[in-house]
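Below are some notes on the model you sent. They are set out as numbered points, each on one part of the fold.

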Amino acid sequence: MLDSLRTRDLTLQYNLDGMKGEERKLAEEMNAVINEFREDMMRQEKQYQYFETLLNTVSAMLIVADSSGKVSWMNQSAVEGLCGFKIQHLNDLAVVNAELPSALQQLRPGIQHLVHFQPRSASSVKDYVVSMSYLYTKGLTLHIYTIQNVQTIVQQSEAEAQQKLVRVLTHEIMNSLTPIISLSDTLCDSMQQSYQKDDDMLAAICAINRRAGGLLQFVENYRKLQHISAPQYDDVTVGRLLADLKQLYISDHIHFVADDESQLLHIDRTQIEQVLINLIKNALEATVDCSAPCITLSVKQQSRGREVSITVEDNGTGIDANVLSSIFVPFFTTKTGGSGIGLSICKQIISLHGGTISASSTLGEGTLFTILLPA
């Protein structure tokens, strides 16, 4: 029994057959102790599995190492995004980026560092922010390293900043515009009915009323950005989502591609459809002068099923590099008569879903919009 306890073999039990008296009582007590140990170990194992599963669902890359750089644990995002296998030492990350091991080992709590490398699931180099915190356990000091995609952080910060700006603008501007429009309406009506009206004065007041109304419409568009509701999630198959879009766009030059149409997406169907309709509409406008227009909407799994990639690609006129960085900014537009809020709303919807949206383009060749959503 002592050997079984020492080796943590908690399956051994005393056979009570033939035992009597104090010997039986002792055996029963030993069996009870073994059962308590076994149940306690099972509870600890369940708790460990729970927390490990929880940390493996986090999109940020997490690595735990000691002060010498020896790695004791890393979550699934770090395994898939860095090397594809669990590393033994921080120096092993040199295959990802030569500067990454030293950048991690020089970190101190509260300090962030920007690094650039190409994750296994991406086709290009991306920017990442790395940070570190201490964990003290059993007399040891462990280092917990966090590696996060800059684009995700920036998009979340931009969305929060835009919401704050919208609240301030709508409150202040509408409070000022409402009495101006009301008074100018009254003056216009009074002067038009007057026998001694001044045409110049009437034209000036009407111009003030017209411009105030235009500014009010501008603010109303701003309010649309503020009132995007939280996603109402539902499970939708890729095939069902694409089938609904196909009914809206029956055209030989619009193609819908999916790796697995039975794959489930946990999304707000209405909001994601709105985003995709907006992107397809932009692609149609970009290819209007093409002799052989081609628009492709693709849905693929990324990072071993942890993310879903939705892309909308066209062979249209493309977007100038100086303009590309501003296309998601509210009210920025290069279209005559455009409101400039379409792509901004798309970005906010994707951010509310915990994803990212980006664009790449080449003038004269076309544009690619890429949406990444958590699976």
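1. How many bridges join β11 to strand β12, and do the strands run parallel or antiparallel? Seven bridges join the two, and β11 and β12 (residues 366-374) run antiparallel. Thr-362 has Gly-366 as its bridge partner in β12. The model is a predicted one, and the points below should be read as such.

2. These two strands belong to an open sheet of five strands, ordered β7-β9-β10-β12-β11, with mixed pairing. At its edges are β7 (254-258) and β11 (356-362), each of which pairs on one side only. On average, neighbouring strands of the sheet are turned by 15 degrees against each other, direction ignored.

3. Helix α8 (residues 269-286) packs on this sheet. The helix touches β7, β9 (295-302), β10 (307-314), β11 and β12. The direction of α8 makes about 25 degrees with that of β10.

4. Within helix α8 sits Gln-271. Is Gln-271 buried or exposed? Its relative accessible area is 8%, under the 20% limit, so Gln-271 counts as buried. Apart from neighbours within four places in sequence, Gln-271 is in contact with Ile-228, Ser-229, Ala-230, Pro-231, Ile-349 and His-353.

5. Helix α3 (residues 76-83) is mostly covered, with seven of its eight residues buried. Those buried are Ser-77, Ala-78, Val-79, Glu-80, Gly-81, Leu-82 and Cys-83. Which elements cover them? The cover includes the helices α2 and α4 (100-105), together with the strands β1 (61-66), β2 (71-74), β3 (113-117) and β5 (140-149). Just after α3 comes Gly-84, where phi is positive at about 90 degrees.

6. Helix α2, named above as part of the cover of α3, spans residues 21-56 and contains Phe-51. Phe-51 has a relative accessible area of 41%. That value falls between the 20% and 50% limits, and Phe-51 is therefore partly exposed. Together with Tyr-50 and Leu-54, Phe-51 makes a nonpolar surface patch of about 320 Å².

7. Two residues may be set side by side when checking the model.

Notes: Residues are numbered from 1 along each chain as its sequence is written. This is a predicted model: local features need pLDDT of at least 70, side-chain atom pairs count only at pLDDT 80 or more; totals for chains, interfaces and linings use all residues. Side-chain values use heavy atoms; hydrogens and water are left out. Patches are made of residues with over 30% relative accessible area and no salt bridge: like charges are joined within 9 Å, nonpolar side chains (Val, Leu, Ile, Met, Phe, Trp, Tyr) within 5 Å. Accessible areas come from the Shrake-Rupley method with a 1.4 Å probe; for residues, only the protein chains shown count as cover. A salt bridge is a side-chain nitrogen of Lys or Arg within 4 Å of a carboxyl oxygen of Asp or Glu. Helices (H or I, at least four residues) and strands (E, at least two) are DSSP runs, numbered from the N terminus. Buried means under 20% relative accessible area, exposed over 50%, partly exposed in between (1.4 Å probe, protein chains only). Two strands pair if DSSP finds at least two bridges between them. Axes are lines fitted to C-alpha atoms, for helices over the stretch in contact, and angles run from 0 to 180 degrees between N-to-C directions. Contact means heavy atoms within 4.5 Å.
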